[in-house]
Amino acid sequence: MTDLLSLDGVTAHYGLFQALHGITLSARAGETIALVGANGAGKTTLMRTICGDLPAGGRIFLHGKDITGIPAHRLNAMGIAMVPEGRKLFPSLTVDENTQIGGYTKRPGAWSREAVYDLFPELIKRRANKALDLSGGEQQMVAIGRALMSNPDLLLMDEISLGLAPIVVNQIYEAVDKIRAAGTTIVLVEQDIGRGLSVATHVYCLLEGRVSLEGKPADLSQKALTDAYFGV
Amino acid sequence: MDIFYASVNGVLLGGLYALYGLGLALTFGIMRTINLAHGDMIVFGSFMSLVVTRVLGLPALASLVVLIPAMFLLGRLFQERVMNRSLGEGIMPSIILTFGLSVVIQNALLLTFSADRQTLSAGQLQTMSLPLTEDFAIGVLPLMTLCVVIVLLIALNWFFRHTMLGRAFRATSDDPEVVALMGIDPRRTYGLAMGLAFAIIAITGVFMGLRTNFAPFDGPARLIFAFEVIIIGGMGSIQGVLIGGVILGVAQTMGNLVNPAFFQLSGHVATLLVLAIRPSGLFPETIERD
Amino acid sequence: MTALQTQHRIGAALALVTLAALISVPYWGSAYLQRSIVEFLYFLALAQIWNFMAGYAGMFSIGQQAWVGVGAYALIVLAQDLGLNPFWAVPLTGVIAAVFALPTSWLLFRLKGAYFAVASWVIAETIRLAVNADINWLGGGRGRSLTTMGQFERGFREDVTYLLVVGITILSLVLMVWMLRSRIGLGLMAMRDNAAGAGGVGVAVNRTRRIVYLAASGLAGVVGALIFMSALNVRPDAAFSINWVAYPIFIVIIGGIGTIEGPIIGAIVFYILREYLDDFEAWSLLAFGLIAIAMMLFAPKGIWGSIQSRWDIELFPIRRRLPARFSTPSTQET
């Protein structure tokens, strides 16, 4: 069986600076991959290359099909959705409209606006509010709901707990569990390593643009992880 | 009583000005670029209507059947083939490109049609009027222009709120990079938005040509009025153009009442006052973006 | 000696030879040549001034004709009404233009990009219409004549005007190079990269921009005074014509925005095109428009900018260079 996502020697540059040095990674359908690493290790860059936002070297496959170089706006219809770092909602659009925009490509599947509001019931009373007026937690929920609306095979989530109160983070991760249970393959970047390990089926630790450690969370010792994280 | 008549005329004039501003508000609101050739495109629309009416023997208003789709295509081509090439490099490329286009249109019109002033004809429509009092009547055509603007604004409002494409336009205005993650190609959106703006410009051109005579170099003056409308109404605010147009129109007719030489001047002064007091206009719509 | 120093010496030598040639023209050149050079220099000076504002300070004005016109009318008032010697009045016209420009800067500096551009134009139109409406003093649409110039013999008049035009062109160039090398220039570079960031490190952004704006307006005023000193008659339509900003924009775009050398090349190209297409102004304008569009699409840095990025040449020393060990590549991850 082919992997849902596989990366083969992926590189990326910001001008002259090389941010990724040959990342090789794969995810089978239904898996949850956690990317961990220090600031500047290349986690967000890797996410941006996968969703087509940043040009990449090497090769990226989705369902065994080479998708390297396909622009972001076409990858959504092919099954990749992204929850970008910092939420990035459309501020002048309402909550309803933000989720509707997420379903622009009309990919068929189980997710609909109703399903999103079932997942995040607290958004119901905010439906008609502009995204600009939401709290950070609500914005994060809308951002996740917006990404789900395209019924993605692969959901990329970048720093979804950043800057949120612990109780809100718990709520969001309960939703992540439900999304996993529905069978969606997830790649997530998480600053909170404990949180990342708790949901992941597979962990990749990045260090200066390279994979410094990978494995199942249960197989990784605290020491090995710390060393890989800080590059000792 | 003079003040009342002048106000009514100002409001009616405001309808035409709102039309001038509408296409510009659309491009600024969605693409955050300014089209310095906007006024010249309006005049171009008037000339094209003239050609269509002469060649096909249609009345001026009927020429819109041909003009609207043709201008839509032209706008889309212009955005996709020319303007999209310099996206993301700040505001200067769009200013230079449309500035160049402005000069090209003016002189191409001059070389093709000569500097003579032209008029569009709609028969009786241009002379018909509704008497309000014994010595004051309002023209049917100005009233019609105002109604056309209002209908367009209602239609656009519905389009932006209740259709997927309309929402995509607004989302693209908020953040052209993130919309790509939703499967929306901002370049295509921009092309469609410019097409829509050009279609509205076609309507504007015909109504302007019916109201006043026109010549190849009239564009810049129309552009200034259009800008004043969107400065007063709020840059990028679609609904603001009506109030912007009316304020500009009334300011001009009031100035005219004092001294005919103050007609345009008082409009400029009103605009500068709004800029001094509320630089984002009376009804700002677009959200500041870095 | 480094390659850059060599280039700067070549630049200085070229400048000196050109200057000597220009100053000596009244002794050997024909009246026609002299008039042609004057016309060429007006546009070069205006282009250089506009380049200074837009290319270096990021202020994209389409209202510079306001100060050309104010300068022209200031000359009329000073020489005709107040009886000053018109030649001595010239520097004063610059001061007057700058004084008029000051309040407009309060309005304009609250605006960004497109707003700034359009508002500057509205201001110019407002001034034009106000002058147009003033029939008693400034002569309304018919304008006024500079009859006081009749006190000078024609040859003398043309020679002095010529030298003044040469002087103002050189002055605007020198002033610009000097400002760009000073603290102001450093602030401008920082602002061009990041206005908010420059504000954070203590560059008084608005003060710097205002100095540039007022200097540019004053210089445009002096150019305006000189243009109409040769024309001998000032009308609002001519004095506040959009061409005083349109042609300079073309020149700068063709030559290369944000460089000192670019507008010089642009002005030469502009002048040659205009000479050849002069019989039909419409054709020449059509050509300029198309060239501007083509330049923007295919060579946005202009002729000189393209040469510069290919061969790394710089004739005028305006850049401050860091020793190599200080330069680091940007290593920013987003």
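This is a predicted model: local features need pLDDT of at least 70, side-chain atom pairs count only at pLDDT 80 or more; totals for chains, interfaces and linings use all residues.
I then asked which sheet S9(A) and S10(A) belong to, and found an open sheet of six strands with mixed pairing, in the order S6-S7-S8-S3-S9-S10 of chain A. As a reminder to myself, strands of a sheet pair through backbone hydrogen bonds, either parallel or antiparallel. The edges of this sheet are strand S6 (80-83) and S10 of chain A, each of which pairs on one side only. With direction ignored, neighbouring strands are turned by 20° against each other on average.

For a parallel pair I turned to strand S7 (residues 154-158) and strand S8 (residues 185-189) of chain A, which five bridges join. Here A:Leu155 has A:Ile186 in S8(A) as its bridge partner.

Helix H5 (residues 136-148) of chain A lies across S6 and S7 of chain A, and its direction makes about 175° with that of S6(A). Helix H8 (residues 222-230) of chain A lies across strand S3 (32-37), S9 and S10 of chain A, running at about 35° to S9(A).

Chain A also holds an open sheet of four strands, which I read in the order S2-S1-S4-S5, with antiparallel pairing. Its edge strands are strand S2 (17-27) and strand S5 (65-66) of chain A, and each pairs on one side only. Between strand S1 (residues 5-14) of chain A and S2(A) I noted seven bridges, and in this stretch A:His13 stands opposite A:Gln18 in S2(A). Helix H1 (residues 43-50) of chain A packs on this sheet, where it touches S1, S2 and strand S4 (57-62) of chain A, and its direction makes about 115° with that of S1(A).

I moved on to charged pairs.

My last entry concerns chain C and chain B, where 36 residues of chain C are in contact with 40 residues of chain B. The two chains bury about 3,400 Å² between them, with 86% of it on carbon and sulfur atoms. C:Tyr115, C:Trp121 and C:Met296 supply 17% of the area that chain C buries against chain B, more than any other three residues. I counted zero salt bridges between these two chains and one residue pair in polar contact, with both residues at pLDDT 80 or more. Helix H5 (113-133), helix H11 (243-255) and helix H13 (281-298) of chain C each supply at least two residues of the side that touches chain B, and the largest share, 14 residues, comes from H5(C). By class, I noted 30 nonpolar, three polar and three charged residues on this side of chain C.

Conventions. Residues are numbered from 1 along each chain as its sequence is written. Chains are lettered from A and ligands numbered from 1 in the order in which they are written. Side-chain values use heavy atoms; hydrogens and water are left out. Contact means heavy atoms within 4.5 Å. Buried area is the accessible area (1.4 Å probe) that two parts lose on being put together, summed over both. A salt bridge is a side-chain nitrogen of Lys or Arg within 4 Å of a carboxyl oxygen of Asp or Glu. A polar contact is a pair of N or O atoms within 3.5 Å; within protein, one must be able to donate a hydrogen and the other to accept it, and residues adjacent in sequence count only if both atoms are side-chain atoms. Ala, Val, Leu, Ile, Met, Phe, Trp, Tyr, Cys and Pro count as nonpolar, Asp, Glu, Lys and Arg as charged, and the others, Gly among them, as polar. Two strands pair if DSSP finds at least two bridges between them. Axes are lines fitted to C-alpha atoms, for helices over the stretch in contact, and angles run from 0 to 180 degrees between N-to-C directions.
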